[in-house]
Amino acid sequence: MFCEKAIELIRELQRNSEGQLPAFNEDGLRQILQEMEALYEQNQADVNKAKSAARSDLIPSIKLRHCCLLRNQRCIMAYLYDRLLRIRALRWEYGSVLPANVRFHMSAEEVQWFSQYKKSLASFMRSLGGGAGLDITQDMKPPKSLYIQVRCLKDHGEFEIDDGTVILLKKNSQHFLPRWKCEQLIRQGVLEHVVS
Amino acid sequence: ENESMSDSLSDDCVSQEEDVMTPAELISKLEEAWLNEKFSPELLENRSEVVECVMEQLTHMESNLQRVKKGDAKASVHRMEIDRIRFVLSSYLRSRLQKIEKFFPHVLEKEKSRAEGQPSLLSPEEFAFAKEYYANTETYLKAVALKRMPPNLQAVDLLKAVPEPCLDSFVFLQVKERQENIFVEPETDDQREYVVDLEEGSQHLMRYRTIAPLVYSGAVQLI
Amino acid sequence: MTSLSTPRCFWLVRFAARETAMDPSEVEFLAEKQLVKIIPNFSLDKIYLIGGDLGPFNPGLPVEVPVWLALNLKQRQKCRIIPPDWMDVEKLEEMRELERKEDAFTPVPSPHYMELTKLLLNHASDNIPKADEIRTLVKDIWDTRIAKLRLSADSFISQQEAHAQLDNLTLMEINTVREFLLDSLNCMYKLRSNLQPGSRKGQLTDY
């Protein structure tokens, strides 16, 4: 039946929840485009027959093929566009360097789109405040002025907190530090939050 | 010593407005704009003046903090405040960018068909970003799919393809200036339309479309 | 004419939730602007913040500061926090009784009563007399109100109302039902408008 491949593409995305990017289905895309070409050629032929040989009985099938062509176009557009949205979301989640396993699932053209998007975004952020610039991909959560107890998991040297005091992060040392300042180091595995 | 940190907190910035705004009022305006933009289904008018002024305040304060002695007790307090303001500003700009991307053909169309003298929907930076986003996406779709399709299907009208904001979405709002006779459209065919008065300080849940002008004028605050 | 929305518009629904969403941490962020009295144990002359002036600070003398600063100072053992007037067992018991009795939402002690209770009790419970009782009372008030809110929300949807007045509801309470309520209402609207032929441009005949 016509348009089945198109629905399969859509289903592929539905199966993969938000935030996940399945591999780019070049084969699926090509098959749909081939189907479109075939439908179009059949329609061209029938349209000529209908005109020259007054075959108005061909009109319903011409209309049907036209509907299928439009549906295929729509599904392809939706598939491609939804993937762009997922890729865009990844910039905001992971930063400007995407994890290798994600890049692997992107087509060359998607990589190109992403590269252009990054550039646009960077240029926008740089131009904020009359050129002063502001990285709006940071500060994703409200800041907390709270302190937490942390233990140092590995030597990290000197660490400056806001009022100028410098802490020495030596392996196994414990400290009472501003939470927001620790968050990155906790993510990096340098510090560990001690919950008493 | 603290004078240096706060002296002339960009006085020229806040007094450019006709009604002179204090820095505290400026931050209030930013927070109001943040909430409105967050909860409105459509992109609201740009508030570049507020954004620029806030950034000036932040930059000024940051540079003061650089000059300050180590161990200064006030430094951490200033820094906490800067972080709070920066969060609201970033979140506000992110909200706008998200909507610009979501509605990109419509946002650009609105900007194009804007009459002379009408305030701009997009800041100059946002306008540049929106145009690039449009071009990037259109180029991509053409290259990957459209140009491989039959001749009569190679064009896509992005204005028709990308959905418009749904102005009939419901929103929560708080009334800042009393409004009378606000029209409420019925939800079903067997209901009748009616009007409500919005008392100052009251809170309501209703469709965005009717109260959109009130958001613009500042008579209501989305919450 | 084509549409980029898939036959079932699944990506549209996804995007919508994120945009109109407010995280509880953002509500708490706003609550932290509320002023609270502290007794500092240090000296500091006035601080000129962008958002207003604070202090001066003198040991033993009460001074008002925003909650975000009070919590920070408390954690660094630089002050004692004085609970707000309403954070009192007798007063809260009265409020609880009233809330349980009335069908409507009664006026709240503070537009951020829930967040402030949580923040102050989590980080300064030693400064709050009968902290455990306070915690329980506030939770009871919250639970009663949320239960009323859920009923109102259900009724609003099933009666297909077009407008509701919600004075006395706090931002945190509204935020609890926000996503569910708005998504339901907007979904219903889309379903209803799709039933009307030719009603919306762009949302057109599916192929």
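1. A quick definition before anything else: helices here are DSSP runs of H or I with at least four residues, and strands are runs of E with at least two. Keep that in mind for the percentages below, and remember that this is a predicted model.

2. An unreviewed UniProt entry annotates residues 165-223 of chain B as "domain: DNA replication complex GINS protein SLD5 C-terminal". Over that stretch the chain is 42% strand and 17% helix, with 19 Å between the end C-alpha atoms.

3. Now the other annotated piece of chain B. The record, again an unreviewed UniProt entry, gives "domain: GINS subunit" for residues 75-143 of chain B. Here the chain is 83% helix and 0% strand, and the end C-alpha atoms sit 54 Å apart.

4. Is it buried or exposed? His106(B) is buried, because its relative accessibility is 12% and the cut-off for buried is under 20%. Leaving aside residues up to four places away in sequence, His106(B) touches Leu159(B), Val162(B), Pro163(B) and Glu164(B).

5. Over in chain C, have a look at Leu71(C), which belongs to helix H3 (residues 67-75). With a relative accessibility of 1%, Leu71(C) counts as buried. Which residues does Leu71(C) touch, not counting those up to four places away in sequence? They are Ile81(C), Leu119(C), Leu120(C) and His123(C), plus Leu146(A) from chain A. For a sense of distance, Glu99(C) is 28 residues from Leu71(C) in sequence, and their C-alpha atoms are 30 Å apart in space.

6. Chain A deserves a look as a whole. It has six helices and five strands, and from the N terminus the order is α-α-α-α-α-β-β-β-β-α-β.

7. The C-alpha atoms fill a box of roughly 90 × 40 × 25 Å along the principal axes. Even so, 46% of the 196 residues count as buried. Among contacts in chain A with a separation of 6 or more, 57% join residues 24 or more positions apart.

8. Last, the surface and charges of chain A. The accessible surface is about 10,300 Å², and carbon and sulfur atoms account for 50% of that. There are 28 positive and 24 negative side chains, with the centres of the two sets 2 Å apart.

Methods
Residues numbered from 1 in each chain as written. Chains lettered and ligands numbered in written order. Predicted model: local features only at pLDDT ≥ 70, side-chain atom pairs only at ≥ 80, totals over all residues. Heavy atoms only, no water. Buried < 20%, exposed > 50% of the residue type's maximum accessible area, 1.4 Å probe, protein only. Contact = heavy atoms within 4.5 Å. Areas by Shrake-Rupley, 256 points an atom, 1.4 Å probe, with all protein chains shown as cover. Lys, Arg positive; Asp, Glu negative; His and termini not counted. Charge placed at Lys NZ, Arg CZ, Asp CG, Glu CD. UniProt positions renumbered as here; feature names shortened; annotations may be inferred.
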